[in-house]
Amino acid sequence: MVLPSSGSLDYNSIRAEFGAPSSNVYLNLFNRTGAYVYNVPANANITTSSTGQLSVSNFYGARSKTDYAAGPGSFHSTGGKLPFLYYGTGGTGTNLPAFSDTSMLVSGASKTITGVYYSTGIGAVSTHVETSSGAWYTTMAVYRNDNGSNVGNIPVTNGSYGGNPGGWNPASTIWSWAPSPVNDWLYTSQLNIYKGF
Amino acid sequence: MDLSDFTKTLNYLPDLVRYFDEETKEDKTAREVELTWKHNSLSVSELKFYLREGHEAWDDRIRTRENEILTMWMIELGYDPLYHRIKDKKIIVRGQVETQEQIDEWLKPNSGNKLKVTKPEVI
């Protein structure tokens with residue numbers, strides 16, 4: 001969710017939105033890229049440094065982590081003469097690092113997401129979104145948490161998967177997939193932030 | 001070691017906090033909640049978390065914080081997180097073999113139960 005864009009705003013409202021462990025509220029706890037605030041456009045007014053100047057007004061319209069899922073943007077090759085290459089986060093059988101934050105909001109509804117990755121190899125090029133919240137349709141924006149840039153957008157446009165090629169349970173895992181431009185930009189070597197609209 | 005014997009209390013703070021409700025497109029107020037975790041028998045720190053009442057990610061954030069707290073208690077009790085971790089509110093040794101099935105697998109990885117016995121071809 002989000003903090004108000006105008007009017008009075010106090011330290012406690014900021015703490016109650018982002019969630020924090022300290023009884024004493026101090027603003028530099030909430031610096032962008034820190035433990036509580038992702039580096040996304042809605043939080044652009046918040047400084048990234050814990051020693052930078054920060055005022056309550058910088059938090060107008062700021063968004064907590066609730067809206068976003070996150071995980072390391074990584075790469076894996078299966079090796080050998082005809083390797084499969086995986087770019088992104090999580091996913092079944094990809095050997096990519098798991099999501100550190102699996103919940104995100106899409107059109108106001110909470111979704112659990114366990115994989116966003118692009119794969120390429122012999123005879124197969126595709127982008128996958130694995131979620132346990134049923135099939136859904138959105139454009140997913142991907143941001144890098146180190147510099148806040150929007151590295152790309154993935155249109156998740158296609159339905160739900162009911163098969164069982166990898167041995168995982170289709171009852172709990174729905175596999176939506178997107179059209180496949182080359183999405184190797186999911187490999188950022190940084191924390192990727194994923195947001196659905 | 002089982003860490004599950006703790007009490008979690010909720011204290012509603014007197015001042016209201018503000019937030020923007022994106023569904024109704026209105027600024028709203030809510031109570032701020034102070035959650036406190038206190039272990040009932042072990043000598044470990046009492047730890048807190050603050051969040052708005054009715055926060056969309058209430059369960060998720062509190063579950064995450066509880067895991068953090070259990071890990072902090074584990075470290076306070078002298079367990080090295082390199083070799084130990086929390087699972088189901090218990091301190092367990094990372095990679096520890098616990099079941100007879102795991103032992104059997106280690107002793108004989110491709111047993112006849114898993115891999116059918118076949119006659120080798122004559123060369």
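Q: In this predicted model, which residues touch the most other members of the largest nonpolar core?
A: A nonpolar core here is a set of buried Ala, Val, Leu, Ile, Met, Phe, Trp, Tyr and Cys residues joined through C-beta atoms within 7 Å. Buried means 20 or more other C-beta atoms within 10 Å of a residue's own, with C-beta atoms placed from the backbone. Among the 46 residues of this core, the ones touching the most other members are A:Tyr68 and A:Tyr194.

Q: Why does this core lie between domain 1 and domain 2 of chain A?
A: The domain bounds come from an automatic or database assignment. Strand S5 (109-121) of chain A gives the most to the core, 4 residues; strands are DSSP E runs of at least two residues, helices H or I runs of at least four, numbered from the N terminus. The core sits between the domains because residues come from both domain 1 (11-63) and domain 2 (68-196).

Q: Which element supplies the largest share of chain B's side touching chain A?
A: Contact means C-beta atoms, placed from the backbone, within 7 Å. The contact takes 20 residues from chain B and 21 from chain A. S1 (6-21), S2 (26-39), S3 (47-52) and H1 (58-76) of chain B each supply at least two residues of chain B's side. The largest share, 6 residues, belongs to S3(B).

A note on the numbering: residues count from 1 along each chain as its sequence is written, while chains are lettered from A and ligands numbered from 1 in written order. As this is a predicted model, local features need pLDDT of at least 70 and side-chain atom pairs 80 or more, while totals for chains, interfaces and linings use all residues.

Definitions and conventions:
Two residues are in contact if their C-beta atoms, placed from the backbone, lie within 7 Å. A residue is buried if 20 or more other C-beta atoms lie within 10 Å of its own, exposed if 12 or fewer, and partly exposed in between; C-beta atoms are placed from the backbone.
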